[in-house]
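Open the model in your viewer and follow the stops below. Each one says what to select and what is there.

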Amino acid sequence: MKMKMYRLKSTLCVVGAFLIMMMTGCGSAANTEAHELNFHIGSPPSTIDAQTLSDTVSASVIKFFTSTLYEYDPERDLVPCLAESSEVSDDGLTVTYHIKDGLKWSNGTPITADDFVYGIQRIADPATKSSAVYLITDCCMIENAAKVSTGQMSVSELGVSAPDRLTFVIKLEKPCPYINSLVTLCCFAPCSREFVSSCGSSYATSADTVLSCGPYILDRYEPLPSQIHLVKNDNYHNQTDNGIDGVNLQVIGDSQQALMCYETGMLDIFRITGEFADLAADDPHLVNFPCAQIFRLDLNHYDNEVLADLNIRRAIAKSIDRESIAVNVIRSGYTALERVVPNDFYTETNGEDFAADQKLYAEQMEYDADKAAEYWAMGLSELGVNSVKLDFVYSASQARIAEPLARQLETNLSGLELNLVPLPDKEWLTRMNSGRDYDIIMESWVPDFTDPTALFTTCLGSGDNNMYAGSEFRELYDKSGSVSGAERDELLHQAETVLMDDVALIPLFGGEQRYVIRDGVSGLQITPTGVEIIISGLKKEVG
Amino acid sequence: MGRYLRKRILISIAILFVILLVLFLLMQLMPGSPFNDAKLSEEQVASLKESYGLDQPVIVQFFRYIGKMLRGDLGVSYSISPNTPITTLIANRFPVTLRIGFFSLIIGTAAGLTLGLITAFFRGRVMKLIFNFFTLIGIAVPSYLFAIFFSWVLGYKWNVFPLLYDFRSPAFSSVMPILAMSLSVMAVIGQFTKAEAEDVIKSDYVLLAKCSGMKSSTIIIKYILRNSLIPVITVMASLLVSLLTGSLVIEKMFSVPGIGGLLTTAISSNDYSVVIALSFVYSALYIVVMLILDILYCVVDPRVRLGGKPS
Amino acid sequence: MSENAVYIPADADFVPAGEERKVLASSETVTGSKNDMRKRFFAQKSAVVGMVILVLLTVLAVIGPYISGHGYDDQQLERANLAPRVPVLASMGILDGSETLNKTSGEVTVNRYEELGITDEYYIFGTDSLGRDMFARAFMGLRISLVIALAATVINLVIGMNYGIISGYFGGMTDIIMQRVIDVIGSIPTLVVVTLLMLVLQPGMGSIILALMLSGWIEMSHIARAEVLKVKELEYVQAARTLGAGHMHIIFREIMPNITGKLVTQIMLSIPAAVFLEAFLSFVGLGMPAGSCSLGTMLTDGFSNVLLHSYKLLPTAALMVLLMIGCHLVAEGLKKAAE
């Protein structure tokens, strides 16, 4: 019995000691490393392979360790980064980039023009299964991209080449006036052929299997991480002494948790979403950036005969009190938007903001319940029905905005019954991109580049869903690809007018990103599209 | 013993197969497609389907699936982390979940045993009140409410423990998740121990031990603790289930990189290959633990062997 | 157990055995023991408290949504996020609709009722982010959660009880096969079953009930079977059988009344389990569809708002905890009364 007692006691001791060790183990670890930047992202990135990415979260992570030919500087101007300069041929079909000399990967090997060629070839290669293919087949049409990506041609026939070590040439099928804005996307970053082949299928699955050409090196990463850690890249050509030796990206799904972390000092920058704006409203550390993150309703007037009626669409457009939802429900991050292009997004050739006048399409879009009821009655009588039932599709994570919106529609348009269909993000995205698989869908996305056409593309459909074929809009859109300067701006204006007159889509809210920043951290800025923060300007002083 | 064990293991294997079949059938019913990204062209979708073997007849797919599962290949994630083998995803996370679950179980059990034994032995009014309060709270409050409460008080207001799991200090940052999960364990174990201990205390042999002048501490440890422990083993199975469920919520709350968090992420983004794989892992884990508990039970209480398996 | 009192024979000890058997076989004993059980149940303070809580919650779930004067689904966007304001207390300065915001730049106390000029309005639990009355919503949520839990439990009861009785009563091969089926189903963790089911089905009340049902009936059937096995061999059942009573008669008249006690206890344990699971599903994002309210959705909603408006979580959480405590106390009381 004494033996047993002893054994029990010793077991207890071991367990106790273990517990104490665990509790205090590395206990004194500080909340923040003084020279590290602590930032949060809302969900884990789905990939760190720059050439395959399709979501904004992955892009914002990848941006920390990749650089591109052109980049936005802290003033939001487009400047050469890995490129020294670029030139476009007279017909607009050949773009030549001269690459800076002496660039190095994080492992010390030089970055050459061939790395850029390989990067784009990887996007097009069907074996990569990249979801960024549309960037080179639709957004800018690189020669043979469509055929290469479907396997009808070999990768070597793609219109990208490297005549010498520092010259990178892209051949296009159609002029692309916004190509420098497009190449700021991480997908167009260089990619080392040697390194990828040495990693094989494990490329970009861990911190060791990815190379950095940006200001930081991935230090700790696992697929679907909850935390990502980066350290400074000494081989980066434009390394500045900004007081940030490492970056700690914490995945926090819940804004409340993120705010708590910010307030207890675990985060240096907190991106405010939703109602938490109330808590930071008069904070001197608050910064506010307009961005092109937009919400809009897309009406399927191709398959749904109710929505095919123009008066019905007009009625829906005019029955939404955007202001009320923006102020009372969304509370931060979005302002009412009544035209396709938000302000501060695209600057015309003459230097003016394309969408300076946000009330330009007030007649079609402004909230007016009486007018809406009038259109509605007209529409219903044209259709010869009293009530209408429509599916309203939205992302479940945006239910907060979609529900009051649906309620407004139902209240203002008597006889309308909306069947709410909240979907998980992925499925909602599929429906949205299908362009047809819904009656009404609430879209929310960020354009890939700063050109009005980026906002028009969803109205065009892709593949077999060739919507607006042969219409006035299509004509204007196609024409805008072959001209430039003021003439092009005029065509884009006309195209927008057509869309608004036809109520092909109903703009709802334009984005705005708000951050609160801890003392000592400065230089935060985001790209005009709002996809990612501009890293080059960030500084941290330890006080 | 050997016969019982063999029978028990055979049944477990059979169950595992049935589960595989069910999971496979469910997989066929799942809504959505693995290739939700409509930015993919149709040709790409076709080639993807081929590479995942989704163009084969269902029967072929099923046998391939079983074969893969048995080889420990759980397939690849379709959407949350495209093309990453699920085994990799789980391998990184399983130890974390296991550690937090293990410590929650240990701490909860220790606290529950202590609380139950003390209450049963001293039978004071105040003690009973304290006991009832703790166990009722532990049973009636969902673990995520504990989690938010701890986050709020310990993490946010007092800033004692970090609000989130941090790989730079894994032990220290797991304190709050463990606390939040161990409370319900404590409550259940506490109630069971108290009920059992009360019976044992009333029994003749304890009375005899008392009369013969044994020290209270000796009585508690030698008779009461040992005899109350047996039925506690039976609760372990249900506790394991509640810990698994709890881990889903808690890991999400504290950003713990474990399999619970992985499952919630997979659910919300409809990555059904991951959901199915994790369901398999959870079921297998559950069956194995049940088997171990049964064997354990059979060792401590030989009567079970005669009567077949306990229900 | 071992009281040292000397046993004094009573008159009853000398009644001929035959008569005692007769008494046992009649159903009077059953009702008699039921009355005893009721007495023993109500003799426990905690059980009575639990009972009162449950009755109160049920009444509130029925009438609660209507007594505040605001519909549970009436949106008034400009009245979003009002703090609780209670009629009498407000004049005393407690719960008068003001709330303290923990701003990043310091604490600020605001009273949105005054800002909006609606000081004659009272929202006892405040309003949610769409300006809906939280009082009406909380009790509506309670009602829906209770309906889900009750429906699931009743179905579980019917399936589980029948399964258990048939398995136990007929025994032999029937029993073995039925028990193996249960072994398999029971070996899949509830969490997995529910998650998978919710992924396959459309989210909604029906699917939640089905999901709860698929896993909940097993425990019921275990209890029913165990009791049947015990009761089956008792003399009065044997007697009924020898007298030529049919299976149905024996099951429903002789066995059923004896297992109700245990089953009621089990019901009391499965209701909170169902409510818990519903809340859990909502939290993971598999619960009731958008726009509807249940304790789960309300908790999840309030949960993400603790830092900003803690009043959104507290009442719902309190309701949930009360429901749990009530069911638990009653179940405990029943267990003790049955012993």
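**Stop 1: the domains of chain C**

Select chain C. Its domain assignment, automatic or from a database, gives domain 1 (83-116) and domain 2 (137-325). Their C-alpha centres lie 42 Å apart.

This is a predicted model: local features need pLDDT of at least 70, side-chain atom pairs count only at pLDDT 80 or more, and totals for chains, interfaces and linings use all residues. Residues are numbered from 1 along each chain as its sequence is written, with chains lettered from A and ligands numbered from 1 in the order in which they are written.

**Stop 2: confidence**

Colour chain C by pLDDT (the predictor's confidence in each residue, from 0 to 100). The mean is 79, and 89% of the residues score at least 70. Helices here are DSSP runs of H or I, at least four residues, numbered from the N terminus. In chain C, confidence is lowest in helix α1 (residues 17-25), at a mean of 46, and highest in helix α3 (residues 45-67), at 90. Now select residues 18-31 of chain C: pLDDT stays under 50 there. The model as a whole scores ipTM 0.80 and pTM 0.82.

**Stop 3: chain C against chain A**

How many residues of chain C are in contact with chain A? There are 18, facing 25 residues of chain A; contact means C-beta atoms, placed from the backbone, within 7 Å.

**Stop 4: two helices of chain B**

Select α4 (residues 86-122) and α9 (residues 216-253) of chain B; their axes come within 9 Å and cross at roughly 140 degrees. The crossing of α4(B) and α9(B) is right-handed. Among the contact residues are B:G101 and B:L105 of α4(B), and B:I224 and B:L243 of α9(B).

Note on methods
Two residues are in contact if their C-beta atoms, placed from the backbone, lie within 7 Å. Axes are lines fitted to C-alpha atoms, for helices over the stretch in contact, and angles run from 0 to 180 degrees between N-to-C directions. A crossing is left-handed if the near helix is turned anticlockwise from the far one by less than a right angle, and right-handed if clockwise.
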